[in-house]
Amino acid sequence: MRFSSTSAPGGRASSAPLVGDAEEPTIFELSAPSRRSFSLRETDVPAMDLGPIEAWLRDEPVELPEVSERDLVAHFTRLASRNYSVDLGAYPLGSCTMKYNPKFADQVAAIDGLTNVHPATPPEAIQGWLRLFHELERYVCEITGMAQATLQPPAGASGELTGLLIMRAYHASRGRTPRKVVIPDSAHGTNPASVSLAGFQAVTVPSGANGLVDLAKLRELVDDDTAGIMLTNPNTLGLFEEEIREILEVIHGVDGLAYYDGANLNAIVGVARPGDMGFDIVHSNLHKTFATPHGGGGPGAGPVAVVEHLADFLPGPLARSLDGGTSYTWMTPRRSIGRVHAFHGNSVVLARALAFMKYLGNEGMRTMSELAVLNANWLRARLADSFAVAYEQPCMHEFVVSAEALKAETGVRALDVAKALLDSGFHAPTVYFPLVVHEALMIEPTETESPQTLEAMASALENIVAMAHKDAAAVVSMPRNTPVRRLDEALAARRPILTEDQRLR
Amino acid sequence: MPSFAPHTDEEIQQMLADLGMSSLQELYSSIPAALLRTEPLALPPDQSEIEVLEEFAAYGAQNAAVRSSLVNFAGGGAYDHDLSAAVRHLGSQSAFVTAYTPYQPEVAQGVLQALFEFQTIIARLFGLPIANASLYDGAASLVEAVNMAVGFTKERRILVSAGVHPSYREALGTFGAGTHLLLETIDLCDDDSTCFPSADEETEVPRAGAVIVGYPNYFGAIEDLAAARAMADRRGALLIVVADPVALGLLRSPGEFGADIVVGEGQSLGIPLSFGGPYLGLFAAKSEYVRLMPGRLVGETLDQEGRRAFVTTLRTREQDIRREKATSNVCTNQTLMAIQAAIHMSWLGKRGFQMLARRNYDGAHYLAQQLAGIGLAASTTHFFREFTVHTPISATELQHRMLAHGFLAGLVPPGHDDRLVVVVTEARRRVEIDGFVDAMAKELR
């Protein structure tokens, strides 16, 4: 059945500015000497002698902009109007889980007793934060099937490295120094980078024809020099690793540890748990599954949860009670790998995520995942006539299609499809990832888009395919309605201009 | 069921029917039955948004917030500044808050241009030609700087001043376990600044990857960066400076002293205290290191109609392309905080930032003068806004007692329970400083 796409709140959003498509001046170009926005309070503190620091005093003030507050507000408001966002429309960016970010969480972040607290305040004066951390740790552990967790890692990639350093410390505690960590060829690019930075060597296990880890090949790769494996499940193709228990048995058979990359947790909350699958270390991307806003590329939060026998290695300190929950304090595990953040992690992001979990509750979080998977499967089926689906089995929360046939027939590539979709008022899917699929378009609708929005998105993609067959040049010239059109990225890389001053030179 | 999914029951049934399914459970047919949960998660049921808000307000009520509960004299990379209404308003625009990494520059010019402006501000502040679009926090920036220095020099011996923030040093040790760093400490002199050896004392020294100093350091001392530069040069090492950005409103930039890489915590540039995060890792370097820089870089280019436009550039450095050869695994950064810093610094402007720095200096030196009057002389000789005093009783005990007077009395450096590191920002009025000194006098009488 087709849903009406005339009322698609997540689609048809105009990404073009309200008026015009001229360049916006930089804040420095808007600057005029002696113009000002600032106002500073009168402190009644007397002016003190600068003598003690005379040797270090700068000659000229830092060349910061000098703008009126009115011009400042206009500038950043115009910049905001030149940016697509989840609040504006659907954002089917595969692997990124760009779901709606509820507004009440903004109010949580603004609570005085949370946002205006110094991180070095003694434990007696931060009982609320310690309780909140302890509660979030309980939620994260119950959802992932783990025992204890650190909330410090400020992003998923930081969580990966933290988990791998725990893996390293575990082996060292047993007097072993295995060097290899197994990673599937479909893994996120951060996985092999994290493996290198943790002092291991990444060993790639290929995917079979069904898009899943090739168990026979894995058995050949794994030996006493294997420290562990990093897996995303469902994997980056949106497929559940059906032989997960067998895979992890192979790893555990050589005393290796299994790391779960939680990037795709949105598919299975309340349905299945990494701990039950046999994983030992799990990071969760709270900014994906638990709806904290992505902020244009951060802040995120990537807590790392572990099974009980690894808890001793967690970064410290952790919020713990020594009196059965009457009061809380900071405790550092005995064999901790040490801090991974200057303070306690992205605390306010952590508070937002816990608020989201509490709003949905146990059953609501399961429904969230079920509808994310429903949306992905429905859209995948809806697009089956337009694009070859990369793998036949049902998908989880995202799926990958290939524009290889379209490219062969019309010359229109996955990239062109993505750019053309921008003109229809949608954000583009992820393209050219995972690397194992040619001309990949990786689509993750999330649970917060309505069937009407999915219909509108599918129609837009169908129209692009139809246009490609009729007038490929028109597709390749898109987008046309956006604030700027396709960019000369080679020019940017050949002669990098990274600041205003590099342009002026 | 509470959820932010818009589906009606009828729509769910219709979508399932389109897929030839009769229940949502069927969607999970590829998961082995033994792994499927039959019980709900052992977590409470849903709550309305007002109930959640009230619960979180209750958490907040159990914390002592600065200003409403405590007058704050603690810093250490987290400072209590006055924030502009403009940054609160503009920094919370949903187009910035709910966007993601600018993978499609045609619809991300707002974030990209704001980051280009941020990079320019940080480069000018640190006195270096290039800056990245931010990292997680000050500690992460330092770790990435060291990885970059090791990548460039191929030397794993790293000399770290004992004046560098203790948490940053700890993080360096944590991550250094994976990258096999050989961390050596350079001790401090009695005035809390680093004791740099003279050239005569160092005729034959082993090569090193980096020398790291604070500017000012954790204890407040403004370091002799020329001496640090010389020490690095004798070892073929890069000079990495961990700078307090606000100090640079008055002090010469580390770039002027020849620093190769300057990192720092950008929380001071318009970010609330936030119990330690999200903060803003600052990172600037000399141009020759551009292809080794961690994190995202935004560059200027042209679109196909010849209009100026901005784009993430030099991405071949990044882990999504180089994978296991990458020297950094950083994917996201702290874009929203970087945009907020660009807004706040533009609001302060050239003169406002200079005036603000001067008020931090005046406040701290006034406090030092007053504390000296009650017998607590600063051990730090050359300082900007933060300095150290030696306490006659346990500093932890003193900090505890001062809470009862409504003051957060500074930081107790790990391993030094006889010291307090105190700070004054432009937010502290003379009457608050005088009240603090009176309360300290009472407790130490």
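## Briefing on a predicted two-chain model

Ala230(B) has a relative accessible area of 29% and is therefore partly exposed; the term covers values between buried (under 20%) and exposed (over 50%), computed with a 1.4 Å probe on protein chains only. The place of this alanine is in helix α8 (residues 225-234) of chain B, where helices (H or I, at least four residues) and strands (E, at least two) are DSSP runs numbered from the N terminus.

Residues are numbered from 1 along each chain as its sequence is written, chains are lettered from A and ligands numbered from 1 in the order in which they are written, and side-chain values use heavy atoms, with hydrogens and water left out.

**Domains of chain A**

- Chain A is divided into domain 1 (25-81) and domain 2 (122-358), with bounds that come from an automatic or database domain assignment.
- A distance of 43 Å separates the C-alpha centres of domain 1 and domain 2 of chain A.

**Strands and sheets of chain B**

- An open sheet of seven strands has the order β2-β8-β7-β6-β5-β3-β4 (chain B), with mixed pairing; two strands pair if DSSP finds at least two bridges between them.
- At the edges of this sheet are β2 (130-131) and β4 (182-186) of chain B, each of which pairs on one side only.
- Within chain B, strand β7 (residues 261-265) and strand β8 (residues 281-285) are antiparallel partners joined over five bridges, and Val263(B) stands opposite Phe283(B) in β8(B).
- Strand β9 (residues 298-302) of chain B is largely enclosed by the rest of the structure, because four of its five residues are buried.
- The partner of β9(B) is strand β10 (residues 308-312) of chain B, in an antiparallel pairing over five bridges; Gly299(B) faces Val311(B) of β10(B) across this pairing.
- Five residues lie between the strands of the β9(B)-β10(B) hairpin, in which Gly306(B) takes a positive phi near 85°.

**Surroundings of Gln148(A)**

- Gln148(A) belongs to strand β1 (residues 148-150) of chain A and counts as buried because its relative accessibility is 19%.
- The side chains of Gln148(A) and Arg320(A) are joined by a polar contact of 2.9 Å; such a contact is a pair of N or O atoms within 3.5 Å, where within protein one must be able to donate a hydrogen and the other to accept it, and residues adjacent in sequence count only if both atoms are side-chain atoms.
- With residues up to four places away in sequence left out, Gln148(A) touches several residues, among them Glu137(A), Cys141(A), Val304(A), Glu308(A) and Leu318(A); contact means heavy atoms within 4.5 Å.

**Aromatic rings and charges**

- Over all chains, the structure holds 24 aromatic pairs, for which the ring centres of Phe, Tyr or Trp (its six-membered ring) must lie within 6.5 Å; planes under 30 degrees apart count as stacked, over 60 as edge-to-face and the rest as tilted.
- One edge-to-face pair is that of Tyr100(B) and Tyr103(B), at 6.0 Å centre to centre and with 70° between the planes.
- Tyr100(B) counts as buried at 6% relative accessibility, whereas Tyr103(B) is partly exposed at 32%.
- Residues of both chains meet in one aromatic cluster, formed by Tyr100(A), Phe104(A), Phe356(A), Tyr359(A) and Phe4(B).
- Arg124(B) sits over the face of Phe28(A), 4.6 Å from the ring centre; this requires NZ of Lys or CZ of Arg within 6 Å of the ring centre and within 35 degrees of the ring normal.
- Arg168(A) likewise lies over the face of Phe200(A), at 5.8 Å from the ring centre.

**Backbone features in loops**

- Gly298(A) and Pro299(A) are linked by a cis peptide bond with omega about 10°, and Pro299(A) lies in the loop between α10 (286-289) and β7 (304-306) of chain A.
- The loop between α10 and β7 of chain A also holds Ala291(A), which has a positive phi of about 65° although it is not a glycine; at 4% relative accessibility, Ala291(A) counts as buried.
- A cis peptide bond with omega about 0° joins Gly316(A) and Pro317(A), and Pro317(A) is in the loop between β7 and β8 (318-320) of chain A.
- Arg67(B), not a glycine, has a positive phi of about 75°; its place is in the loop between α2 (49-61) and β1 (71-72) of chain B, and Arg67(B) is partly exposed with a relative accessible area of 39%.

How values were computed: This is a predicted model: local features need pLDDT of at least 70, side-chain atom pairs count only at pLDDT 80 or more; totals for chains, interfaces and linings use all residues.
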